[in-house]
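Trainee: I have a structure open and would like to learn how to read it. Could we go through it together, feature by feature?

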Amino acid sequence: MATGQNDPITDADLAELIARVDEAAAAFIRGDARTYLALLEHSDDYTLMPPGGGPTIHGSEGTDEAIDAVSAFFAGPGEATWVTEATYVSGDMVVLVGVERQSGVIDGREPQDWSLRLTLVFRRHADGWQIIHRHADALVHPIPFDHVAELARGLDS
């Protein structure tokens, strides 16, 4: 990115970021976590609200062991496409709202749809973009309210 941190975020900047998100999603679903991390630098204050629920995760574990474990979990053929639903730009921050339309082999299971609704928050810095927040859920396909209520109660109920 050739622009300075205080320059306005242009449509071209936004298009480049969205292309990176699309490429990163495709790498991740194929089990290529290293390419994903090279495309989307995670900030030191990164937070993740994972699609399986539970507490918010603070920080990104970038150890070789953690990267290898994620790669193995998603190892197999897979494909993904990012679909933007909305974008919000303010100062040096961008929020992308959309769906990762994806399918693949997850945790050794049969290939399946693994599309996720996402809210992604990015902060621009001198060298490009850092992802600072990812909120994902697997509720792309509507489910009956009774199922939502069951999910809200958790497995311990």
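**Reading pockets, a helix and a strand**

Mentor: Helix H3 gives the most to the lining of the largest pocket, with four residues. Keep in mind that this is a predicted model.

Trainee: What volume does the largest pocket have?

Mentor: Start with the general idea. Rolling a probe the size of a water molecule over the atoms shows where empty space is left. Here, the largest pocket comes to about 730 Å³. It is lined by 26 residues, and Phe28, Tyr46, Leu48, Val70 and Phe74 are the closest to its centre.

Trainee: Which elements each supply at least two residues of that lining?

Mentor: Look at H1, helix H2 (33-39), strand S1 (41-49), H3 and S4. Now sort the lining by class. The largest pocket has 18 nonpolar, five polar and three charged residues.

Trainee: And the second largest pocket? Which residues are the closest to its centre?

Mentor: Its volume is about 320 Å³. Of its 14 lining residues, Gly52, Glu150, Leu151, Gly154 and Leu155 are the closest to the centre. Helix H4 (residues 145-153) supplies the largest share, four residues. By class, the lining of the second largest pocket has five nonpolar, six polar and three charged residues.

Trainee: Which residues line the largest cavity?

Mentor: Find Val21, Ala24, Ala25, Tyr36, Leu40, Glu100, Leu120 and Arg134. Three of the lining residues come from helix H1 (residues 11-29), the largest share. The classes are six nonpolar, no polar and two charged.

Trainee: Back to H3. Which of its residues are buried?

Mentor: For this you need a cut-off: buried means under 20% relative accessible area, and exposed means over 50%. In H3, the buried residues are Ala66, Ile67 and Ser71. Look down the helix axis: these residues fall within an arc of 135°, so they line one face of H3. They pack against H2. On the other side of H3, Glu65 and Ala72 are exposed.

Trainee: Let me try one residue. Why does serine 71 count as buried?

Mentor: Serine 71 has a relative accessible area of 15%, so it counts as buried, given that the cut-off is under 20%. Serine 71 sits in H3, which spans residues 64-73. Now leave aside its neighbours within four places in sequence. Serine 71 is then in contact with Gly31, Asp32 and Ala33.

Trainee: Now a strand. Why is strand S6 described as largely enclosed by the rest of the structure?

Mentor: Count its buried residues. S6 covers residues 116-125, and seven of the ten are buried, so the rest of the structure largely encloses this strand.

Trainee: Which strands pair with S6?

Mentor: Take the two partners in turn. Strand S4 (residues 93-104) pairs with S6 in the antiparallel sense over eight bridges. Glutamate 100, for one, has leucine 116 of S6 as its bridge partner. Strand S7 (residues 128-137) also pairs with S6 in the antiparallel sense, over nine bridges. There, leucine 118 has alanine 136 of S7 as its bridge partner.

Trainee: How many residues lie between S6 and S7?

Mentor: Two residues lie between them, and S6 and S7 form a hairpin.

Methods
Residues numbered from 1 in each chain as written. Predicted model: local features only at pLDDT ≥ 70, side-chain atom pairs only at ≥ 80, totals over all residues. Heavy atoms only, no water. Buried < 20%, exposed > 50% of the residue type's maximum accessible area, 1.4 Å probe, protein only. Contact = heavy atoms within 4.5 Å. 1 Å grid on protein atoms, 1.4 Å probe; cavity = no way out; pocket = protein on both sides within 12 Å on 5 of 7 lines; lining within 4 Å. Nonpolar A, V, L, I, M, F, W, Y, C, P; charged D, E, K, R; others polar. Pairing = 2+ DSSP bridges. Points joined across faces, edges and corners; volume = space filled by probe spheres on them. Arc of directions from axis to C-beta.
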